[in-house]
Amino acid sequence: MSATPFIVLSAILFTIGCLGVLTRRNAIVVFMSVELMLNASNLALVTFSRANGNLEGQIAAFFVMVVAAAEVVVGLAIIMTIFRTRRSASVDDASLLKY
Amino acid sequence: MSLVPSSLAALHSGAPVVHAASADGVFSLLWLVVALPALGAAVLLLGGRRTDRWGHWLGVGTVAVSFLLSLVLFFALVGRDSGDRQVSQHLWTWFTAGKYTVNLDLLYDQLSAVFLLLITGVGGIIHLYSVGYMEHDERRRRFFGYLNLFVASMLTLVLAADYVGVFLGWEGVGLASYLLIGFWQYKPSAAAAAKKAFVINRVGDIGLSLGSALIFVTFGSTSFAVVSANADKASSGTLTAIGLLLLLAACGKSAQFPLQTWLLDAMEGPTPVSALIHAATMVTAGVYLIVRSNFIFSLTEDARTGVVIVGCITLLMGAIIGCAKDDIKKALAGSTMSQIGYMILAAGLGPAGYALAIFHLLTHGFFKANMFLGAGSVMHGTNDDVNMRHYGALQKAMPVTFVTFAIGYLAIIGVPPFAGFWSKDRIIETAFADNFVVGLCALVGAGITAFYMTRLMLMTFVTEQRWEPDVHPHESPRVMTIPLIALAALSALGGFLILNGWITDWLAPVVGTHEEKSLAIGALGMSLVTLVVVAIGIAIAWTFFGRRAVPREAPTQVSVFTRAARAELYGDAFNEEVIVKPGYTGIRGLSVFDGSFVDGIAEGTASAFGGMSSWFRLAQNGFVRSYALAVLSGAALVLLALLAVNFS
């Protein structure tokens, strides 16, 4: 079975994730888009692993999942706190650090 | 210190050579003379308020013990053979640089001995007087600390066996005078006077430091022993240069033309300070320096001519200024300038005059301290008024001050047998023997001295009463009058030091001997001429101030000469025009250059970077999504670069 459709799917998913990060204002959606990009890269890693017949890509995918899980914990906590203090989950509102 | 073998010393026929025996016996206590006042100053200045209650007596005590020690040392010196009266004490090696070593040595010889007695004796009397004079000043302890520092510095100056050691004392005296002139620093005039004295002294200090440097370059050492032994080997040009530099130094410290302007302003200090500066310390330092450097000055006629000219100008300037001042202390200060001028003049006459300069310095120390303390006593009784136009008829209110002051007056104008007669008369005589014009200057100066001192005397103690309504003059306490009486006795009797030529013989081993030149009219004739001139001065003063009433306000319709004398002969205006204004202009130019050019470069660079960063700052807008876009474009760029590298 050819790897091409999987890679194409991965590219499509990554592009959607990118666009989501760049265009959406809601922090939760931005967050989901980041997850989408991570999963797109996971898909690519697993595909190449399978195509090359070794496990390195799959191990890297596990690492990405672990990091993503940790990121979700921290990121969601930050979003929660921002929402509580500012009553908004818009990333454009949280722009005070430039000062 | 006895670096010079006595055989080498014996080779000299000109100026005497310093070759001292090392100190033993009682002379090993020499260092204590300096150390005691220095210790007193340290305790008083570091001890703080704890020493407030007894501090002034400690100050008096240290100087008194120093005086007793000086007396013991003096008699021990008298007891030695006349050819063996130079003692040196090695304290420690101060510093070494290559082949150059400066030892902290003390040199005790006939000259230092006389100075030691004058400084600690008159200084001690002034200390005692200050106990009473400064009684109501809450910073009296600090005052005594400074006084002790002053005395210790001056003792260092006259005991040092090395030009570098002299410089140490020289600077110490400058510092102490600054602190004391500005003692009432809450008065802006006092603060300014202190600063002025310090700055003008600094000009003189340049002379001493350059002179010492030139001495070192020429002789490879700055100790008196080496320099005096080798002085005749140096070229006459070098010696003249050294002499003129030392003269500049003397001008600064001794308030000689053209560095004289600080002296009258220095009257802002408390009166005992004026007495100390004018009689025992400070202004005598310049005379000391020239006489001590006689081994240089004796060999250079040109430098001596410079010294004589400076002396002549100053003695006339000081006397003229003294004629016009209504401030009793300023009149006395002008008189000091004039009398120091006599000393410098005498010192410039060479071996014939060195001893006379020191003799006049001694007698002047007595009668000027006497009169300054007397002026302080008058001010003490008249609510610190210094204007003589507000005095008059004080002799009834202050009999002790009047009598002691009168003795000082008779001494300064040179009435026999008081001290000034002996010293000034000999200087005039020697000046005439040397050069008629110089002698004439000295003679005219004596006449003017008689005029302004009589004026001062009449306006203060005689004439009608012109007191302020709330002033009730009274005699000063005994702690102030006893010093006055002691000094008056010295002013009356100090001149007898010259009987039998004692003082000249005593100093001869230090300053050299000379052949007496006799005048055509003889010594007695010269004395008579001088006395006639003095009498004329007194008579003129009597017609102007004794027979007419003295107005309470200074007359404004006065001749151009009076106006010039009131303005201190435009010394300040001269400095202002010739030094200060061009200096200011130059500094303003430099400041403009610094502001426009140097700062322009520095600030231009800074503002260029500032402008650029304000552009870059716009990138930091705080929006996460724009940062994300930047990250993405960066990643894309890296990717493109990799592709370009891999597929090219």
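At what angle do helix α18 of chain B and helix α21 of chain B pack, and how far apart are their axes? Here are some notes on this predicted model, starting with that pair.

Two points on reading the notes: residues are numbered from 1 along each chain as its sequence is written, while chains are lettered from A and ligands numbered from 1 in the order in which they are written. Because the model is predicted, local features need pLDDT of at least 70 and side-chain atom pairs count only at pLDDT 80 or more, whereas totals for chains, interfaces and linings use all residues.

1. **Helices α18 and α21 of chain B.** Helix α18 (residues 399-413) and helix α21 (residues 478-493) of chain B pack at an angle of about 25°, and their axes are 9 Å apart. Axes here are lines fitted to C-alpha atoms, for helices over the stretch in contact, and angles run from 0 to 180 degrees between N-to-C directions. Helices (H or I, at least four residues) and strands (E, at least two) are DSSP runs numbered from the N terminus. α18(B) and α21(B) are therefore roughly parallel; angles under 35 degrees count as roughly parallel, over 145 as roughly antiparallel, 65 to 115 as roughly perpendicular and the rest as oblique. The crossing of α18(B) past α21(B) is left-handed, a word used if the near helix is turned anticlockwise from the far one by less than a right angle, with right-handed used if clockwise.

2. **What meets in that pair.** On the α18(B) side you will find Val400(B), Thr401(B), Thr404(B), Ile407(B), Gly408(B) and Ala411(B), and their partners in α21(B) include Leu484(B), Ile485(B), Leu487(B) and Ala488(B). Two residues are in contact if their C-beta atoms, placed from the backbone, lie within 7 Å. The contact of α18(B) with α21(B) has eight nonpolar, five polar and no charged residues. In this scheme Ala, Val, Leu, Ile, Met, Phe, Trp, Tyr, Cys and Pro are nonpolar, Asp, Glu, Lys and Arg are charged, and the others, Gly among them, are polar.

3. **Helices α5 and α6 of chain B.** Helix α5 (residues 140-159) and helix α6 (residues 163-181) of chain B pack at about 160°, with axes 7 Å apart, and are therefore roughly antiparallel. α5(B) passes α6(B) in a left-handed crossing. Among the residues that meet are Tyr146(B), Phe150(B) and Met154(B) from α5(B), and Gly165(B), Gly169(B), Trp170(B) and Gly172(B) from α6(B). By class, this contact of α5(B) with α6(B) has 12 nonpolar, five polar and no charged residues.

4. **Helices α14 and α15 of chain B.** Helix α14 (residues 301-324) of chain B packs against α15(B) at an angle of about 160°, with the axes 7 Å apart. That makes α14(B) roughly antiparallel to α15(B). Their contact has 15 nonpolar, nine polar and one charged residues, and α14(B) passes α15(B) in a left-handed crossing.

5. **A covered helix.** Is helix α11 (residues 271-280) of chain B mostly covered or mostly uncovered? Mostly covered: 10 of its 10 residues are buried. Buried means that 20 or more other C-beta atoms lie within 10 Å of a residue's own, exposed means 12 or fewer, and partly exposed is in between, with C-beta atoms placed from the backbone. The buried residues include Pro272(B), Ser274(B) and His278(B), and they pack against α4 (110-133), α5, α6, α12 (283-292), α15 (328-348) and α16 (354-381) of chain B. Met282(B), which follows α11(B), has a positive phi near 60°.

6. **A residue in helix α25.** Phe574(B) lies in helix α25 (residues 571-617) of chain B. Phe574(B) counts as partly exposed because it has 14 C-beta neighbours inside 10 Å.

7. **Chain B overall.** Chain B has 26 helices and three strands, and 53% of its 648 residues are buried. Its C-alpha atoms fill a box of roughly 120 × 75 × 55 Å along the principal axes.

8. An unreviewed UniProt entry lists residues 6-22, 29-48 and 60-83 of chain A as "transmembrane region". In the model, residues 6-22 of chain A are 100% helix, with end C-alpha atoms 24 Å apart. Residues 60-83 of chain A are also 100% helix, with end C-alpha atoms 33 Å apart.

Definitions and conventions:
UniProt positions are given in the numbering used here, feature names are shortened, and annotations may be inferred rather than shown by experiment.
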